[in-house]
Amino acid sequence: MNSYFSADMRPEPNVSPLDISDAGEILTLQRAAYVTEARAHNDLGLPPLRQTLPELITELRSPHVLAHGIRDDSARLVAAVRTHLDCPVARIGRLTVAPDRQGRGLGSRLLRTLESVLPAGVRELHLFTGEHSLRNLALYERLGYREFRRSPAGDYELIHLRKPLRRT
């Protein structure tokens, strides 16, 4: 278990921390989920599709990376997200939902849970998605993320969003 996740910060039901023992499932889910993004942006070279298992394992071993997932009743990993902690910012990446489970609130659940388990020093969340990812953009906007810049990515742009965390 990652050192940033403490016993007093329990995720909501069905969301659990992931680690290197889950790497194969995470990579399979990631590739399945990003095919849709690749088609929408006409870019089969997206980094999530090119990431190797050793690269993912190295990422998951970092003490600055949190990984969470949701499993269905058969224990299949159906959604996952990774967060890179660089306090006061947490960079959210690789939010993935199995294609046959999209539109059921799993991505929202992961993001809401993530906010509740982040270390106290995190004050802002950052993430990005492609400009043709309309469902993703709608989800992020609904959850309070706002665009703060764009960057080129071949024939399309990446939209970078952020969300301040209101902590007491």
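A residue counts as partly exposed when its relative accessible area lies between the buried range, under 20%, and the exposed range, over 50%. In this predicted model, Glu147 falls in that middle class, with a relative accessible area of 42%. Its salt-bridge partner is Arg150, with the closest N and O atoms 2.7 Å apart. Arg150 is itself partly exposed at 40%, and a salt bridge also joins Arg150 to Glu157, here with 3.2 Å between the closest N and O atoms. Glu157 is likewise partly exposed, at 31%.

The count of salt bridges comes to 9. One of them pairs Asp22 with Arg71, whose closest N and O atoms are 2.8 Å apart. This pair links distant parts of the chain, 49 residues apart: Asp22 sits in the loop between β1 and α1, and Arg71 in strand β2. Asp22 is buried because its relative accessibility of 10% is under 20%, whereas Arg71 is partly exposed at 26%. Elsewhere, Asp72, Arg76, Asp100 and Arg101 are linked in a network of salt bridges.

Helix α4 has 12 residues and reaches 17 Å from its first C-alpha to its last, close to the expected 16 Å. Its buried residues include Leu106, Leu110, Leu114 and Val117. The buried residues of α4 pack against β1, β2, β3, β4 and α5.

α4 also contributes at least two residues to the lining of the largest pocket, as do α1 and β5, among others. This pocket has a volume of about 1,200 Å³ and is lined by 47 residues, with Tyr34, Leu95, Thr129, Asn136 and Tyr140 nearest its centre. The lining comprises 21 nonpolar, 17 polar and 9 charged residues.

Terms used. Residues numbered from 1 in each chain as written. Predicted model: local features only at pLDDT ≥ 70, side-chain atom pairs only at ≥ 80, totals over all residues. Heavy atoms only, no water. 1 Å grid on protein atoms, 1.4 Å probe; cavity = no way out; pocket = protein on both sides within 12 Å on 5 of 7 lines; lining within 4 Å. Points joined across faces, edges and corners; volume = space filled by probe spheres on them. Helix = DSSP H or I, 4+ residues; strand = E, 2+ residues; numbered from the N terminus. Nonpolar A, V, L, I, M, F, W, Y, C, P; charged D, E, K, R; others polar. Expected span 1.5 Å × (residues − 1). Buried < 20%, exposed > 50% of the residue type's maximum accessible area, 1.4 Å probe, protein only. Contact = heavy atoms within 4.5 Å. Salt bridge = Lys/Arg side-chain N within 4 Å of Asp/Glu carboxyl O.
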